[in-house]
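Please read it with the structure open.

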Amino acid sequence: MSAVAFTEALAKEYRETFDRAVVRPGRLAEVRRVAARIAAAPAMARYAAVSTTTGVPAQVVGILHSLECGLDFTRHLHNGDPLSARTVRVPAGRPVSGDPPFAWEASASDALRLKKLHQWTDWSVPGIAYVLERYNGFGYRNYHPETASPYLWSATTAYTAGKYVADGAWSATAVSKQCGGMAVLRVLADAGWLPGAVSRQNGGMTEPHVMAGTGGLDGAPAGAVPEA
């Protein structure tokens, strides 16, 4: 799969899509529950610990955790495999050091470093969108550009249908049930749980490792979790 560079044109696309996209009313409660679980103090403390060792904002760690593991702290952030052993699916054999069962924080740090997120510095909305899409892979963009990646945009008006239902198996009619990463980002931003003000008029964030808000999320800690 060919790499995709983070260009000004791509950043503009991400920003415009984020500004235009709305969380679908029928999915809003579900997305809010996911966002509330990410923002809850016990989970956020664990994300912050990973942020300290990698430089990846805690909220972004939480969004990736929802996408890869359904917010399950017994799973590898690499791909959702159980922490009781090294990863089996791609990327297999991670972490290479240490012995299972692995601590979630140690495995998560390994996953982020493997993806070189510890070297990433652009934590604007477009920068986050690029990191999320790169983490999942550019299969949608490269082979089905008519379909916005559901990994990012599911549950928003930017995505309707089209999904890889298995490795290399494409369905134009399948609909992702996952809460896309940018849908969760939208709710976190609107609730003030991101650094700075990420609004439809402001696509950037100023202090990427500091959580801002303390409330505004409507949803109990328990609830629907994203698909694996």
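This is a predicted model: local features need pLDDT of at least 70, side-chain atom pairs count only at pLDDT 80 or more; totals for chains, interfaces and linings use all residues.

The numbered points below go from the overall layout to the helix contacts and then to single residues.

1. The chain holds nine helices and two strands. Read from the N terminus, the order of elements is α-α-α-α-α-α-α-α-β-β-α.

2. Of the 228 residues in the chain, 49% are buried. Among contacts with a separation of 6 or more, 59% are made by residues 24 or more positions apart.

3. H3 against H4. Two packed helices are described by the angle between their axes and the distance between the axes. For helix H3 (residues 41–54) and helix H4 (residues 58–69), the angle is about 115° and the axes are 8 Å apart. H3 is therefore roughly perpendicular to H4, a class that covers angles of 65 to 115 degrees. The crossing of these two helices is right-handed.

4. Residues between H3 and H4. On the H3 side the contact is made by Met44, Tyr47, Ala48, Val50 and Ser51, and on the H4 side by Ala58, Gln59, Val61, Gly62 and His65. Sorted by class, the contact has six nonpolar residues, four polar ones and no charged ones.

5. H4 against H6. The axes of H4 and H6 come within 12 Å and cross at roughly 30°. The two helices are therefore roughly parallel to each other, since that label applies to angles under 35 degrees. H4 passes H6 in a right-handed crossing.

6. Residues between H4 and H6. H4 contributes Val60, Ile63, Leu64, Leu67 and Glu68, which meet Ile128, Leu132 and Tyr135 of H6. By class, this contact counts seven nonpolar residues, no polar ones and one charged one.

7. H6 itself. Helix H6 spans residues 125–136, 12 residues in total, and its first and last C-alpha atoms are 17 Å apart. That is close to the 16 Å expected at 1.5 Å a residue. Because 10 of its 12 residues are buried, H6 is largely enclosed by the rest of the structure. The buried set is Val125, Pro126, Gly127, Ile128, Ala129, Tyr130, Val131, Leu132, Glu133 and Tyr135.

8. What covers H6. The cover over its buried residues includes helix H1 (8–20), H4, helix H5 (104–114), helix H7 (139–143), helix H8 (150–153) and helix H9 (181–190). Just after H6, Gly137 has a positive phi of about 110°.

9. H5. The buried residues of this helix are Trp104, Ser107, Ala108, Ser109, Asp110, Ala111 and Leu112. H3, H4 and H6 are among the elements that cover them. Just after H5, Lys116 takes a positive phi of about 65°.

10. Glu8. This residue is found in helix H1. Its relative accessibility is 72%, so Glu8 counts as exposed, the cut-off being over 50%. Glu8 and Pro126 are 118 residues apart in sequence, yet their C-alpha atoms are 9.6 Å apart in space. Pro126 is one of the buried residues of H6.

11. Two cis peptide bonds. Which bonds are cis, and where do their prolines lie? The bond from Val90 to Pro91 is cis, with omega near -5°, and Pro91 is found in the loop between H4 and H5. The bond from Arg94 to Pro95 is also cis, with omega near -15°, and Pro95 lies in the loop between H4 and H5. Please look at both bonds in the model.

12. Leu71. This residue has a phi near 65°, a positive value in a residue other than glycine. Its place is in the loop between H4 and H5. With a relative accessible area of 7%, Leu71 is buried, as the cut-off is under 20%.

13. Ala155. Here phi is near 85°, again a positive value in a residue other than glycine. Ala155 is found in the loop between H8 and strand S1 (163–166). Its relative accessibility is 3%, so Ala155 counts as buried.

Methods. Residues are numbered from 1 along each chain as its sequence is written. Side-chain values use heavy atoms; hydrogens and water are left out. Axes are lines fitted to C-alpha atoms, for helices over the stretch in contact, and angles run from 0 to 180 degrees between N-to-C directions. Helices (H or I, at least four residues) and strands (E, at least two) are DSSP runs, numbered from the N terminus. Angles under 35 degrees count as roughly parallel, over 145 as roughly antiparallel, 65 to 115 as roughly perpendicular and the rest as oblique. A crossing is left-handed if the near helix is turned anticlockwise from the far one by less than a right angle, and right-handed if clockwise. Contact means heavy atoms within 4.5 Å. Ala, Val, Leu, Ile, Met, Phe, Trp, Tyr, Cys and Pro count as nonpolar, Asp, Glu, Lys and Arg as charged, and the others, Gly among them, as polar. The expected span of a helix is 1.5 Å times one less than its number of residues. Buried means under 20% relative accessible area, exposed over 50%, partly exposed in between (1.4 Å probe, protein chains only).
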